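Please read the points alongside the sequence and the coordinates.

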Amino acid sequence: MKIAVSSIGKDIDSMLDVRFGRCNYFVVYDSEEGLVKSFENCGQVSGGGAGIVAAQLIIDEDVDVVITGNMGPNAFNLFKNSDIKVYRCGSTQIETALQLFNEGKLEELTQAGPAHAGMGTGRGFRGGR
Amino acid sequence: MRVWGQAGDSEEEDRLNIAILSGKGGTGKTTISTNLSFITGANYIDCDVEEPNGFIFLNPCQIEREEVKVDYPVVDSSRCTLCGDCARVCQFNALVKTKKEVMLFEKLCHGCHACGIVCKNDALFFGKRVIGIIEEGQYGSFICKRGILNVGEPMAAPVIKVLLKNLPTGANLIDCAPGASCNVVNSLLYADGAILVTEPSSLGLHDLKMTVQLVRSFNLPFGVIINKYNPEDDRVQKYCQRQNIEIFGVIPYRREAAQVYSSGRMIVELPEYKEIFGKIADTLREVFPWN
């Protein structure tokens, strides 16, 4: 099983980024082979549709499970459509998040959070222009 | 007084389009546009399609409506091979290839057709969806038009473009959206001149500077109207003097004007304001070659 975690850094001891679309990296753990890889989230610099770009990356990686803090409606629907499960986790180390997931202690996201939540303050959003 | 040669140079020579913009919201773009239309008989065009409010004051009659539609791609799943070319070419992240299908996020789609061009299997065709309407009515001797963007639609530019591509002949006062966003830029593409409305406040001046940069980049002739004018605060005048910007007029801040405005009436109902707007109209006729 391949598990992708939204992350602030590239390594397994980095902190989980609670934003999905605007996180810096995705750390992917392959539980069968015990391998960890990471890749940059090109969605973070996207003017709009960051969550969609990030979701496309994850779908193309053939991931089975995503662990993140919050997820907007677009990305959420894409994962639903692709049979990828999403679990919610607070701010912690990636390694801890994976451990919590293995122990079945993470809650599955069954509903999308608000759109544009991860855009931060001061940037403002006036959609698609 | 200077007369700008560029004004009225638009391709449509029987039209003079003057954009009214401000940067900061709430400085009085609509108040000035509607009252100036009333005084001069110029057509009133409400381009603030996200929240058009000029019709509250002018309340035109015989309104005709027209829908504004945009293209969006539809995937023929019997032909689609899930190659993902359409999703990769999309600059607006409107298409995503999942394991089962290509999904469209229609509100992100700009209708550019790039996906249709790259599709090797002719699996994409284009449908149309309504994102807003254009309304046109009559007030006395002049025409009032406005665009209305449907609630929840993020893209206003297509509505603005349809509205401004079909302007009536004669002088048109274009009441723009606040800010200096795509909506304002798209409105300025059709303008021959501009009136910048501001107020004597830090925010008013800050945003005026931004708007001046914008209209200068369009090489448009423009001037400033100071609304909510306070004789004790001359920061806007000082700035205009430094920048060699003409002030078309000042509109005093009075309780009576606010009362008339808040009951949905025109402030030119008040004799004092009628005179002020009359003077501004005379100035505009000198500055812009107005018939």
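1. Which residue in strand 6 of chain A does A:Arg88 stand opposite? The residue facing A:Arg88 in strand 6 of chain A is A:Glu107. Strand 5 (residues 85-88) of chain A pairs with strand 6 of chain A in the antiparallel sense over 2 bridges. Here two strands pair if DSSP finds at least two bridges between them, and strands (E, at least two residues) and helices (H or I, at least four) are DSSP runs numbered from the N terminus.

2. This is a predicted model, in which local features need pLDDT of at least 70 and side-chain atom pairs count only at pLDDT 80 or more, whereas totals for chains, interfaces and linings use all residues. Residues are numbered from 1 along each chain as its sequence is written, while chains are lettered from A and ligands numbered from 1 in the order in which they are written.

3. Chain A holds an open sheet of 6 strands in the order 3-2-1-4-5-6, with mixed pairing. Strand 3 (35-40) and strand 6 (107-108) of chain A each have a single partner strand and stand at the edges, so one side of each lacks a neighbour in the sheet. Helix 3 (residues 94-102) of chain A packs on this sheet and touches strand 1 (2-7), strand 2 (25-30), strand 4 (65-68) and strand 5 of chain A. Contact means C-beta atoms, placed from the backbone, within 7 Å. The direction of helix 3 of chain A makes about 140 degrees with that of strand 1 of chain A; axes are lines fitted to C-alpha atoms, for helices over the stretch in contact, and angles run from 0 to 180 degrees between N-to-C directions.

4. In chain B, strand 2 (residues 43-46) runs parallel to strand 8 (residues 170-175), joined by 4 bridges, and pairs with strand 7 (residues 142-149) in the parallel sense over 3 bridges. B:Ile45 stands opposite B:Ile174 in strand 8 of chain B and has B:Lys145 as its bridge partner in strand 7 of chain B.

5. At the interface, 14 residues of chain B are in contact with 16 residues of chain A. The chain B side has 9 nonpolar, 3 polar and 2 charged residues by class.

6. On confidence, the model scores ipTM 0.75 and pTM 0.82. Over residues 1-10 of chain B, however, the pLDDT is below 50.

Key:
Two residues are in contact if their C-beta atoms, placed from the backbone, lie within 7 Å. Ala, Val, Leu, Ile, Met, Phe, Trp, Tyr, Cys and Pro count as nonpolar, Asp, Glu, Lys and Arg as charged, and the others, Gly among them, as polar. pLDDT is the predictor's confidence in each residue, from 0 to 100.
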